[in-house]
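Hi everyone, thanks for making time for this.

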Amino acid sequence: MLVPLSWLRDYVDLDLGLDELVVVLAELGLAVESVEHVGQGLDGVVVAKVLDIGPIEGADKIRVVQVDDGDGPAAPVQVVCGAWNFEVGDVVPFARVGAVLPGEFAIARRTMKGVVSNGMLCAADELGLPGVDHDEGILLLDRYLPPGGSFAEAMGIEPDVILELEINANRPDAMSMVGVARDLAARLGVPLRIPEPKVIEDGRAVGDVTTLVIEATDLCGRFVSRVLSGVKVGPSPDWLARRLTLAGMRPINNVVDVSNYVMLELGQPNHAYDLHRVAGHGLRVRRARTGETLVTLDDVERRLVADDLLICDAEDVAVGLAGIMGGASCEIDDHTTEVLLESAWFQPMAIATTSKRLGLRSEASARFERGADPEMATVAAARFCELLTSCSDTPISVASGMLDRVGDLDQREPVRLRTARVNALLGTMLHDEQISSHLGALGFGATLVGEGVHDVRIPSWRPDSSVEVDLIEEVARLHGYTAIPKTVPSSPHFGRLSAYQQDRRLVRQILVGAGASEAWCTTFLAPVDLQRLGLAVDEAVVVANPLAAEESLLRTSLLPGLLASVAYNESHRNAGVALFEIGRAFRRPVDGGPLPDEREMVAVALAGRDATEAVSTWMVLVEGLGVRDVRLVADAAPALHATRTARIVVGGTVVGWVGEVDPVALASLAIAERVGWLEIDLAVLLGLPHGEGRYRPISRYPSSDVDLAFVVADRVPAGEVEATLREAGGELLVRLGLFDVYRGAPVPSGHRSLAYAIRFQAPDRTLTDDEVAHARRGLIEAVEAAHGAALRA
């Protein structure tokens with residue numbers, strides 16, 4: 001947004017330098033994108049009248065022009081010009097030879113196509129006037145201006161500074177001169193001068209002249225209309241036209257210019273209709289009907305839908321696209337004598353939706369879609385009446401009163417603000433009084449309802465503020481970000497891994513150390529992948545938009561993926577692979593919850609090896625992680641061997657399965673070798689007590705090794721036998737390992753032989769033969785008593 005400094009000073013005293021002003025605006029969140037000095041370098045520019053225009057031989061883009069620069073038609077000045085937007089009789093700005101225009105552009109005598117050019121006809125941007133595109137050609141002046149006069153004096157141009165501000169989308173209040181001035185006045189601690197329009201009304205009641213009905217009350221929260229009679233449309237006063245030009249808007253006529261001036265000044269868009277062209281002399285606000293059309297001021301026919309909001313006349317014919325652009329049928333022109341003024345508040349999303357759909361954006365829509373101030377509608381209407389009557393050469397009468405209709409406007413409740421929260425977020429030590437003062441200066445009504453607690457009333461012009469953190473931002477803006485001391489945020493964490501992440505890495509290291517290679521398998525499976533292994537398909541989560549149509553399920557186990565990898569390796573003559581994967585498995589939501597039951601698992605597939613090797617791998621993990629109270633309980637599981645599978649129980653909690661893969665499942669994938677299997681719920685395991693290893697001194701004394709083989713029933717898990725041996729061995733048992741499992745004669749049917757390698761060692765002496773024999777006998781008796789076992793000879 002372009003803000004002329006001279007205009008801004010109407011509302012706030014600025015006793016600070018330009019550079020300092022730029023810094024203050026930036027701290028308020030109104031970043032200055034550019035600073036432009038205007039009204040300088042115009043000493044050699046005069047008003048000139050075009051006397052004649054002729055072609056130049058061999059040139060089709062430039063013409064020779066004769067102008068009167070003050071010496072009269074008898075002494076014309078010849079100029080070559082490439083613009084084509086003027087004709088004989090027009091009055092234009094003319095830069096004489098020797099003039100230096102803004103930007104240090106020196107004017108000299110030049111020859112083009114053999115024709116001498118003694119100066120230059122100027123476009124607005126070449127004279128440092130903002131907001132006008134160079135492509136629009138030479139700046140055309142009023143024809144009543146006498147040739148030879150100073151261009152700057154004729155236009156009322158004085159040296160000024162134009163600030164181009166970046167206004168964020170959440171600050172609609174700053175899209176006006178008063179809005180910018182309000183922030184500056186609050187920050188600088190100086191008074192804010194808001195216009196207080198005074199309107200002299202005639203005896204006619206406005207209700208006798210016009211009518212107003214709001215049908216779409218949800219989209220139009222407020223609508224104010226006023227009527228002015230005796231209007232004579234013509235040029236605006238120089239001061240008003242100049243301000244609009246400096247703010248980037250082209251002056252059109254006094255009625256339209258006053259409307260634009262009020263919008264730029266107060267941030268309230270408004271629209272003027274020719275009352276005589278409004279059927280029934282009344283307005284109606286309603287939704288459009290699908291297929292309805294309207295020709296807007298840019299002479300484009302717009303096809304509407306039911307979500308669009310229209311301004312219609314009393315006969316229900318559309319005369320304007322609410323909040324965006326008026327209709328051509330009621331446009332102000334030279335014949336207008338009575339004006340019907342609209343000043344309203346429209347629902348922001350409704351305006352934004354229509355504007356985007358039609359590809360039609362205006363200064364009005366830019367403000368409405370961000371959120372206008374509903375309380376400003378009456379003030380803006382009065383300001384329009386005041387300015388238009390004061391700028392008119394002929395008396396203008398204003399009908400008494402206004403039609404003010406209110407639709408659905410949200411009632412905004414006070415927002416609770418805590419002083420402690422302000423200081424915690426900003427790193428400040430502000431007191432209650434300071435916070436109230438900062439907010440009050442910006443128009444927020446802060447009431448102290450307890451020590452360190454404020455109830456804050458949000459002003460109507462700040463639709464962006466609705467929660468506590470918004471108010472904290474306002475305090476920070478006014479207090480000044482540079483006034484907040486710099487601190488380094490403290491944190492108990494410094495980018496390190498969590499305990500769970502560290503344990504997960506340890507699991508990887510242990511399994512790699514055990515000789516397994518890490519694999520990655522796809523999370524997506526086809527139903528047949530589960531069915532051929534005997535896994536339940538109805539427990540799987542169905543993917544709504546699978547990458548491949550056949551892979552429509554999320555895996556319920558890591559088994560299908562790892563077995564597929566084993567099969568692939570075996571088919572390429574790479575038998576006996578040991579693979580592990582850490583990944584997630586999914587099952588249908590538990591208890592009807594909205595999300596799948598997602599668990600992180602670790603699984604190991606040992607091709608060419610049996611359940612004993614799988615148990616050994618599990619014990620390596622147990623030792624590496626420091627897991628205690630571990631048991632294996634014989635049980636059956638889908639896709640695993642019926643008699644070589646066990647549940648893994650840690651401290652009474654089931655954490656996974658260990659054993660061998662069912663031969664039928666292996667055959668379905670053409671795997672010829674046995675496959676040991678281990679699958680653990682990693683999150684459950686690592687959530688249990690672990691990692692607190694118990695250490696004891698290494699004995700310097702000799703050890704004694706014995707081997708014991710027990711015949712036990714198949715139903716007795718080897719893990720339970722091992723647990724019994726460990727308990728019976730006491731402190732003298734330092735090593736225990738299962739090294740053989742045998743079935744066959746002379747072992748009875750339904751039984752098997754479990755052979756263990758056992759080492760005894762004392763920490764403080766060499767064990768005698770009698771002590772070793774006693775310890776051996778204790779192990780045998782314990783296993784025989786606990787499991788009905790027999791010592792195999």
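One cut-off before we start: a residue is called buried when its relative accessible area is under 20%, and exposed when that area is over 50%, with partly exposed in between. Also keep in mind that this is a predicted model.

Is Asp90 buried or exposed? Its relative accessible area is 10%, so Asp90 is buried. You'll find Asp90 in the loop between strand 5 and strand 6. What does its side chain meet there? A polar atom of the Asp90 side chain lies 2.9 Å from the backbone nitrogen of Glu87, and a polar contact of 2.6 Å joins the side chains of Asp90 and Arg143.

Side chains of opposite charge can pair when their charged atoms come close. Arg143 and Asp90 form a salt bridge, with 2.6 Å between the closest N and O atoms. The two are 53 residues apart and link distant parts of the chain, since Arg143 sits in the loop between strand 11 (120–121) and helix 3 (151–155), while Asp90 is in the loop between strand 5 (77–81) and strand 6 (91–95).

How many salt bridges does the structure hold? The count is 52. Let me show you two others from that set.

Next up are Glu375 and Arg222, whose side chains meet in a salt bridge at 3.7 Å, N to O. This pair also links distant parts of the chain, 153 residues apart: Glu375 is in the loop between helix 8 (363–368) and helix 9 (376–390), and Arg222 is in strand 15 (residues 220–229). The two ends have their own levels of cover. Glu375 is partly exposed at 47% relative accessible area, whereas Arg222 counts as buried at 11%.

Now for a pair within one helix. Glu474 forms a salt bridge with Arg477, and their closest N and O atoms are 2.7 Å apart. Why are they separated by about one helical turn? Because they are 3 residues apart in helix 12 (residues 468–479). Both Glu474 and Arg477 are buried. They also belong to a network of salt bridges that links Arg171, Asp173, Asp183, Arg462, Asp464, Glu474 and Arg477.

Together with Leu425 and Val467, Val469 makes a nonpolar surface patch of about 240 Å².

Glu33, Glu36, Glu164 and Glu166 form a negative surface patch. The elements giving two or more residues to this patch are strand 2 (31–38) and strand 12 (160–166), and Glu33 has its place in strand 2.

Last stop, the backbone. The peptide bond from Ala745 to Pro746 is cis, with omega near 5 degrees. Pro746 is found in the loop between strand 39 (733–742) and strand 40 (751–760).

Then there are two positive phi values in residues other than glycine. Phi of Glu104 is near 60 degrees, and this residue is in the loop between strand 7 (100–101) and strand 8 (105–106). Glu104 is exposed, at 69% relative accessible area. Arg573 also has phi near 60 degrees; look for it in the loop between helix 15 (559–571) and strand 32 (578–587). Arg573 is exposed too, with a relative accessible area of 83%.

That's my tour, and I'm happy to take questions.

Key. Residues numbered from 1 in each chain as written. Predicted model: local features only at pLDDT ≥ 70, side-chain atom pairs only at ≥ 80, totals over all residues. Heavy atoms only, no water. Patch = residues over 30% accessible without salt bridge, like charges linked within 9 Å, V, L, I, M, F, W, Y side chains within 5 Å. Areas by Shrake-Rupley, 256 points an atom, 1.4 Å probe, with all protein chains shown as cover. Salt bridge = Lys/Arg side-chain N within 4 Å of Asp/Glu carboxyl O. Lys, Arg positive; Asp, Glu negative; His and termini not counted. Charge placed at Lys NZ, Arg CZ, Asp CG, Glu CD. Helix = DSSP H or I, 4+ residues; strand = E, 2+ residues; numbered from the N terminus. Buried < 20%, exposed > 50% of the residue type's maximum accessible area, 1.4 Å probe, protein only. Polar contact = N/O pair within 3.5 Å; in protein donor to acceptor, adjacent residues only side chain to side chain.
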